[in-house]
Amino acid sequence: MPAPPDIEAVAEEVFTALADPSRRGILAALAAGGPATATDLAASLPITRQAIAKHLALLAEAGLVAAEPGERRRVRYRLRSAPMQVAQQFLAALARDWDRQLDALQELLNEDAAPQPAPDEQGRNRS
């Protein structure tokens, strides 16, 4: 049985792959139109087939697309959602930790902002 993926490492690969707008465009085109070849993608995107092939290699390395052999030695690329789900889990955990910190800060600020009892004539706080 394979070891579970290192969430942080997978998330880093996904975020690196998604950092480039051309790669995001390729993923969007595959999401909208289904599996496609580099040539198919070049027909619908404003970048060359060679550039698309390089981007697809990086996306495949990150696990975001899978290459499938097709007819006449043409390779079609299909989206893979598993790495994206791992990245989403990473972000969700980060958000939970961040929310806990913000909630603690809000409680502290609310305590400091609570009205204090007025002092009596001798300057002592009334209870």
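A patch, as the word is used here, is made of residues with over 30% relative accessible area and no salt bridge, where like charges are joined within 9 Å and nonpolar side chains (Val, Leu, Ile, Met, Phe, Trp, Tyr) within 5 Å. By that rule, W98, L102, L105, L108 and L109 form a nonpolar patch on the surface, with about 510 Å² of accessible area together. Accessible areas come from the Shrake-Rupley method with a 1.4 Å probe, and for residues only the protein chains shown count as cover.

One quick note on what you're looking at: this is a predicted model, in which local features need pLDDT of at least 70, side-chain atom pairs count only at pLDDT 80 or more, and totals for chains, interfaces and linings use all residues. Residues are numbered from 1 along each chain as its sequence is written, and side-chain values use heavy atoms, with hydrogens and water left out.

**The overall layout**

The protein has 5 helices and 2 strands, and from the N terminus on they run α-α-α-α-β-β-α. Helices (H or I, at least four residues) and strands (E, at least two) are DSSP runs, numbered from the N terminus. Of the 127 residues, 20% count as buried. Buried means under 20% relative accessible area, exposed means over 50%, and partly exposed is in between (1.4 Å probe, protein chains only).

At 45% relative accessibility, L109 counts as partly exposed.

**The hairpin**

Strand 1 (residues 65-69) and strand 2 (residues 75-79) run antiparallel and are joined by 5 bridges. Two strands pair if DSSP finds at least two bridges between them. Across the pair, P69 stands opposite V75 in strand 2. The hairpin has 5 residues between its strands, and R72 takes a positive phi near 50° there.

**Charges that pair up**

Side chains of opposite charge can pair when their charged atoms come close. A salt bridge here is a side-chain nitrogen of Lys or Arg within 4 Å of a carboxyl oxygen of Asp or Glu. The structure holds 3 of them, and here they are:

| Pair | N to O distance |
|---|---|
| D40 and R74 | 3.4 Å |
| R76 and D40 | 3.8 Å |
| E68 and R78 | 2.6 Å |

The D40 and R74 bridge links distant parts of the chain, with D40 in helix 3 (residues 38-44) and R74 in the loop between strand 1 and strand 2, 34 residues apart. D40 is partly exposed at 33% relative accessible area, and R74 is partly exposed too, at 32%. D40 also meets R76 in a salt bridge, and that pair lies 36 residues apart, with R76 in strand 2. R76 counts as partly exposed at 31%.

E68 is partly exposed at 26%, and so is R78 at 38%.

**A negative patch**

D6, E8, E12, E13 and E61 form a negative surface patch. Lys and Arg count as positive and Asp and Glu as negative, while His and the chain ends are not counted. The place of a charge is taken as NZ of Lys, CZ of Arg, CG of Asp or CD of Glu. Helix 1 (residues 7-18) gives the most to this patch, with 3 residues, whereas D6 lies in the segment before helix 1.
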